[in-house]
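Trainee: I am new to this structure and would like to go through it by question and answer. Please show it first.

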Amino acid sequence: MPDLSTLVLFALASFVLTATPGPDMLLIASRSITQGRSAGFQTYLGIALGTYCHALAAAFGLSQLLATIPAAYEVVRWAGCFYLLYLALKSLRAAPLIGTRETCPTRLSGRRIVFDGLATNLLNPKMALFVVALFPQFISPGSGGITLQMLVLASVLNGIGLLVNGAVVLLGGHFRVHLGRVSRLRKLPNYLLAGVFALLAIRIATGDRP
């Protein structure tokens, strides 16, 4: 196990990182506005599970493939782009996400929302490289198994992320309540969600390799 001072320092670094607006926060906010607070927390659950997967991959050396083999990085990057564009198109074609039960027959299940968060996180190669670059700085070979330490650090990052993104979810849910009162704007969340997915795809496609 990492010592207390290491965990405190990592927690501070995690807070700075998670409090900085980025793709994960944007996706969580859009889900909260379009489908409510429950969807926002479910999205974060998927993202948190993705963080554990990246931590395990880094512990077993799999993430090093992205750092050392350009082709592997490109495959993951473009797979993520196409998946996000697919979600954007699906959001545009869906029924209004805000409204009565009768006008929202295509409301996504919790399992699907969690999966979307997980897939979006896993198909972001920069997240894998981030874990590879940051986590080893807080790993001590003499403090136990590398895999266990990686999972502990991922848990700290996810815990800090829950606090930060939990506030985003609550604010998004509050905004949704007011938006739902204006019937002509009930299709707006669909466009918002589609725009978020499209922007994330563009960001991954055009971003420079770290």
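Trainee: What share of the 210 residues in the protein is buried?

Mentor: This is a predicted model, in which local features need pLDDT of at least 70 and side-chain atom pairs count only at pLDDT 80 or more, while totals for chains, interfaces and linings use all residues. Residues are numbered from 1 along each chain as its sequence is written, and side-chain values use heavy atoms, with hydrogens and water left out. A residue is buried under 20% relative accessible area, exposed over 50% and partly exposed in between, with a 1.4 Å probe and protein chains only. Among the 210 residues, the buried share is 44%.

Trainee: How many helices and how many strands does the protein have?

Mentor: Helices (H or I, at least four residues) and strands (E, at least two) are DSSP runs, numbered from the N terminus. Along the sequence the pattern reads α-α-α-α-α-α-α-α-α. The count is nine helices and zero strands.

Trainee: What kind of aromatic pair do W78 and F82 form?

Mentor: Rings of Phe, Tyr and Trp (its six-membered ring) pair if their centres lie within 6.5 Å; planes under 30 degrees apart count as stacked, over 60 as edge-to-face and the rest as tilted. Five aromatic pairs are found in the whole structure. For W78 and F82 the centres are 6.4 Å apart and the planes are at 40°, so the pair is tilted.

Trainee: Why are W78 and F82 separated by about one helical turn?

Mentor: Both residues belong to helix 5, which covers residues 70-93. W78 is partly exposed at 37% relative accessible area, and F82 is exposed at 58%. The separation is about one helical turn because W78 and F82 are four residues apart in helix 5.

Trainee: How is the pair of Y83 and F115 classed?

Mentor: Y83 lies in helix 5 and F115 in helix 6 (residues 110-122), 32 residues apart, so the pair links distant parts of the chain. Y83 is buried at 16% relative accessible area, whereas F115 is partly exposed at 43%. The ring centres are 6.4 Å apart and the planes are at 85°, so the pair is edge-to-face.

Trainee: Which residues form one aromatic cluster?

Mentor: A pair of aromatic rings is described by the distance of the centres and the angle of the planes. Here the cluster is made of F10, F135 and F138.

Trainee: Is L4 buried or exposed?

Mentor: L4 lies in helix 1, residues 4-19. Its relative accessibility is 65%, so L4 counts as exposed.
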